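The sequence and structure are shown first.

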Amino acid sequence: MSKLKIGFAPTRRFVFSKEDAHKYKNLIRKFMDGYDIDIVDIEDISEEGLLFDDTAMAYKIADKFTREKVDALFVPHCNFGTEDTVAKLCREVGKPVLLWGPRDEDPLEDGFRLRDSQCGLLATGSVLRRFNVPFTYIPNTAVDDPIFIRGFENFLRTANIVKAFNNIRILQISTRPAGFWSVICNEGELLERFNIQIFPISLKEIEMKTLEIEAASGAEVAAEVEKIKLAVDCTGAGEEQLRRVAALKLAMRFYVDKELCNCAAIQCWSALQDSLKIMPCLANALLTDEGIPVACETDIHGAISSVMAYAATMNQKAPFFADITVRHASNDNGELLFHCGNFPTSVTKCNCKTKFNTHFLFDGHEPGTHEGEIEGGEMTIVRFDGDHGNYQLFLGKARGIEGKFTRGTYVWVEVNDWLEWEDKLVTGPYIHHCSGVHQDVVPALYEACKYIPGLMPDPVDPKEPEIKAWLRGSI
């Protein structure tokens, strides 16, 4: 994904201190320059670089932000601000909006006040609601206040999630496995409701492209094989097996790039191993590490979950797509997150290497998986799902714990109350699949739902009141 682009439209009102408004505009811009984002300002439209008391100016700024394809708006109230022009701008652009203003100082000795930014924020919030513009609000705090800093960073994550969600294009490699009714999705509804686009190809197409790439015997395949050897213990693998896995990964990447997709879902068993004599698990892992999350068993909702989890980390942490499998034998709040061998190699535990292996379940025991435990630590568990026209986003925190060895790629986790998790997951609309990512991004994913009409957040830990308290800095 391209770098996040923020439209910066600081605002003032004519009856308060113009000088202080400029002072805070510059302080805020200096703060923003410390982040790896593109900032689109309004200096070429307003000679002050501030939005105030001019409807025509608001529409000119909206045109610029639209041309520049900003992903979100930040409208700090440098003094009271001009609520109607702010609302008109935000409605025209139609992107996530961050509303905040620096905390006001005490009145001067003569009783005059310089900014009244808090009062202006109250006015603007009301008008944004009248205009049906959803917005994110950070409490009226100083520029260097930790509440503002974490709120700003959380908004960047939120905007990145919304940007990714609004551009989801899924490469679907074959149909779902016949026995997996749980991964049924409504393709038409996903397009109509969320503009999520799905590009199906057949297993025959992926097979033919894989064999074509492999037969070319080019440097590209050799380079992929070396990547695999660097990341995975391949002592038990033959060169032909590694070349076939590398070729499959390149074939999948070919179709991803051809259809401009940002994720994939593949029918990983059992026809593919019959035709190519390998499992796709490691190829899935390699693509996921390149920022193209791949969901197993043609789980379209799983691919969506992974895209959102990845975007929430500002595209820095590769997600892992897991089965929710068995409870920990001695920890009632422990659970095993596992899949046959598709977790990205970048999350392998202790900088160790996973091991190239054959599949341990299916009769053919074809090669192409990699096996090992992944890192523990802090994680977010995410699941986008829906039925009967209603869509929800399951959200919860987990942390890695010690547990027994098992085959495949896996991690044991502990949650706050597994029985509550299990009840929510079983009673739906969720299934046995989830996406995990090594970062606490629940607040950003929760906030992103505000900007995705038709998607309701469904947090289990922390719960909604705790998330709201965190967002306003109360905890």
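The text below treats the basis of the values, then the helix, then the cavities.

The model is predicted, and local features need pLDDT of at least 70, side-chain atom pairs count only at pLDDT 80 or more, and totals for chains, interfaces and linings use all residues. Residues are numbered from 1 along each chain as its sequence is written, and side-chain values use heavy atoms, with hydrogens and water left out.

Helix α9 covers residues 239–258 (helices are DSSP runs of H or I with at least four residues, strands runs of E with at least two, numbered from the N terminus). Its 20 residues reach 28 Å from first to last C-alpha, close to the 28 Å expected at 1.5 Å a residue (1.5 Å times one less than the number of residues). Buried residues of α9 include L242, L248, Y255 and V256 (under 20% relative accessible area, 1.4 Å probe, protein chains only). L260, with a positive phi near 55°, follows α9.

A cavity is a set of points on a 1 Å grid over the protein atoms alone where a 1.4 Å probe fits but cannot get out; lining residues have an atom within 4 Å of a point. There are 4 cavities of 30 Å³ or more, a volume being the space filled by probe spheres set on the points, which are joined across faces, edges and corners.

| Cavity | Volume | Elements supplying at least two lining residues each |
|---|---|---|
| Largest | About 70 Å³ | β5 (136–137), α5 (146–165), α15 (464–471) |

α5 gives the most to the lining of the largest cavity, with 5 residues.

Terms used. Buried means under 20% relative accessible area, exposed over 50%, partly exposed in between (1.4 Å probe, protein chains only). On a 1 Å grid over the protein atoms alone, a cavity is a set of points where a 1.4 Å probe fits but cannot get out, and a pocket is an open set with protein on both sides within 12 Å along at least five of seven lines; lining residues have an atom within 4 Å of a point.
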